[in-house]
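Welcome! Please take a moment to look over the model below, and then we can walk through some of its parts together.

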Amino acid sequence: MTPNGAVIFGFVIIAGALVARDVVSLMVILAITLIFAFGSRQRIWSALLWSTGIVLPLALFMGLVWIGIVGRAPHEIAANVEGSRAAAAVYTAVICLRLFIIAFAIQAAFLHFPGWTPLRFVAALTAPQIAKKLLVLTLSLIDTILQAVDRARTALIAAGIITRRQSWRNLRPGWILVQTVWLTVVTIAIGRTRDKWPVEDTLARLDRTLGGAAPRLGGADFAWAALAIAGAAMALGMR
Amino acid sequence: MGEFIAGANFSGRSAALMARLRERAPAFFIGPYAEAALSGLSSTVADEIAIYRSANSSRPAFAPLDFPAYAARKPPTLSGGEQVLLALHCFSRSDYAAIGIDTALEQLDPGNRDGALAYLSRGAAHGFTAALIDNRLACPPGWASHELTGTTADFACDLAAIHAAPRAAPAIGVHDLSFRYPGGRDIFRDVDLLLEPGRAYRLTGPNGIGKTTLIKLLAGVLGPTAGALTLDGGAYAPWRSGNRVFALATQNPDHQWCGATLAEDLARRRAALARHSVSLPSDEELAKLASCLGIRSLDQHLYELPLVARKRLSWLWPLAGAMPWIMLDEPTLGQDRPTRAALADAIGRLTAQGHGALFVTHDDAFAARIDHRPLRLANETVLS
């Protein structure tokens with residue numbers, strides 16, 4: 001499979017999840033995504049856990065609000081009917097399942113490229129050079145923020161302001177952590193953009209690294225894309 | 001031929017180096033810390049190398065580390081010395097015709113430092129020029145020296161004026177301590193160690209062996225996978241209860257600030273340590289101490305200071321004597337000879353007053369000025 005094929009599959013699955021209106025069609029799309037993930041011949045537990053972790057806070061919040069407090073689904077409120085908690089539960093399940101499929105499809109796509117580095121993946125995409133550079137810069141910014149979180153935690157733990165172990169006591173100085181993280185991000189960015197990047201013309205090196213022709217779509221790409229399109233079409237038909 | 005830019009702190013060496021590199025631009029630059037050593041565009045070591053690799057480069061690779069084994073690591077997770085070695089490796093695979101290094105080699109262990117200098121000294125044969133700032137070196141043979149004599153009194157420091165009150169520090173016991181980063185190899189296995197008060201200890205070992213990791217374990221920034229710490233024989237778990245023993249000055253000073261201004265940083269530390277009943281010097285005393293380190297106002301915005309001044313200011317907390325033990329990670333980076341000597345003497349005075357000190361340095365001359373016991377890290381343990 002090629003990165004372009006994985007992106008096409010991901011886009012179609014996400015589109016299918018967005019147009020699907022009921023649990024059944026979403027389950028079909030989820031099944032296709034699971035088959036795709038298993039097709040990578042990699043362990044998928046980590047991808048499933050991450051996707052669950054992403055969806056769980058939303059599921060808890062929506063469950064509390066729609067099922068627990070409101071007790072009706074939004075379409076029932078719009079139609080001014082009495083409604084039921086069961087309908088609210090279905091509504092919550094659809095929204096959460098949709099988000100779960102989106103998160104899982106993205107991770108399943110990357111499962112097909114074990115050992116690939118982010119730069120190699122981006123380089124193999126068919127996209128304008130400027131879009132690829134923007135993608136690399138975005139990934140770089142995410143890494144910088146993660147690095148800043150680590151640095152800020154080190155500073156605050158060493159100073160005794162927070163503890164390494166999760167604790168309620170860490171909540172109060174949480175805003176100090178946020179401020180420290182942003183100060184750190186700015187410092188790191190300034191350090192790079194003031195000295196290193198201008199004198200090296202570092203960004204220009206990405207032109208060469210990201211250049212070159214993307215690999216052509218192969219049989220596997222077309223097969224997976226066809227399966228995804230079938231799932232999305234079915235979801236569209238069941239609306 | 002390489003160019004060695006010599007001079008005291010604040011003599012304009014860094015500006016001179018950057019001017020040289022701009023004349024020869026594009027030129028590779030390795031600054032004192034990671035954000036000015038690595039591109040920041042890569043998520044892995046393999047990508048960092050790929051960004052700089054050039055098919056046109058015919059120079060031999062500088063590869064002191066097994067970089068394929070590091071391929072999947074995130075560059076910021078490497079130790080400071082390893083980051084410098086990675087940057088040098090990237091340069092050796094690139095087609096840049098010039099390289100400038102601003103004090104970064106001071107982070108390297110003696111073996112890697114000699115290797116790096118030897119590689120840079122062969123620049124003419126490999127088709128590149130090098131410009132170097134290094135506080136611990138005289139001009140290497142065959143290099144042109146460019147001496148800068150000017151300086152500024154703006155950040156002049158007076159470490160000799162710093163005196164801490166006597167202190168009875170606790171003995172630190174390390175018992176069967178093991179540690180590994182998630183998904184990584186063992187860094188420490190069943191380490192036993194006793195750190196006695198009133199003494200200074202120097203952690204030594206090659207780049208990447210775990211010196212900073214041990215410091216982070218003692219400060220509670222990391223938690224061990226097994227083992228325990230004790231204070232005078234009593235249980236102590238800073239990763240659970242918080243650090244109340246070690247005043248840490250990190251290798252990169254920007255890893256330790258807790259606020260935007262010095263006053264904010266100090267106020268937050270004061271509030272945190274009050275929970276542990278740790279008494280702190282007054283603001284007036286801390287302002288006086290900051291002045292001795294070259295910073296005239298507590299309202300100074302930390303990130304507006306030059307890096308050398310920030311590094312000096314990072315010693316404030318340890319030298320304030322508020323905590324019984326002080327830990328300094330590569331405290332001399334970027335500092336000129338008189339400042340290094342003055343810092344060594346200040347550490348000596350602290351230990352004479354009963355404080356304990358633990359420091360990491362590759363600077364033998366600095367360490368020799370402090371009466372200390374070496375602790376060598378090797379084979380996942382600490383040899384005393």
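## About the model

This is a predicted model, where local features need pLDDT of at least 70, side-chain atom pairs count only at pLDDT 80 or more, and totals for chains, interfaces and linings use all residues. Residues are numbered from 1 along each chain as its sequence is written, while chains are lettered from A and ligands numbered from 1 in the order in which they are written.

## Helix 1 of chain B

Helix 1 of chain B covers residues 13-23, and its buried residues are B:Arg13, B:Ser14, B:Leu17, B:Met18, B:Arg20 and B:Leu21. Helices (H or I, at least four residues) and strands (E, at least two) are DSSP runs, numbered from the N terminus. Looking down the axis of helix 1 of chain B, the buried residues fall within an arc of 155°, so they line one face of the helix. That arc is taken from the directions from the helix axis to the C-beta atoms.

What covers these buried residues? The cover includes helix 8 of chain A, and from chain B it includes strand 1 (3-7), strand 2 (28-30), strand 3 (98-102), strand 4 (129-133) and strand 5 (144-148).

## Where the chains meet

Between the two chains, 38 residues of chain A are in contact with 47 residues of chain B; contact means that the C-beta atoms of two residues, placed from the backbone, lie within 7 Å. On the chain A side, helix 6 (118-123), helix 7 (129-158), helix 8 (174-200) and helix 9 (202-210) each supply at least two residues.

## A helix pair in chain A

Helix 2 (residues 23-38) and helix 10 (residues 219-237) of chain A pack at an angle of about 170°, with their axes 9 Å apart. Axes are lines fitted to C-alpha atoms, for helices over the stretch in contact, and angles run from 0 to 180 degrees between N-to-C directions. Helix 2 and helix 10 of chain A are therefore roughly antiparallel, a term for angles over 145 degrees.

From helix 2 of chain A, A:Ser25, A:Val28, A:Ile29, A:Ile32 and A:Phe36 take part, meeting residues of helix 10 of chain A that include A:Trp224, A:Leu227 and A:Met234.

## Two domains in chain B

The domain assignment, which is automatic or from a database, gives chain B domain 1 (3-148) and domain 2 (159-383). Their C-alpha centres lie 28 Å apart.

Key. Parallel < 35°, antiparallel > 145°, perpendicular 65-115°, else oblique. Buried ≥ 20, exposed ≤ 12 C-beta atoms within 10 Å, placed from the backbone.
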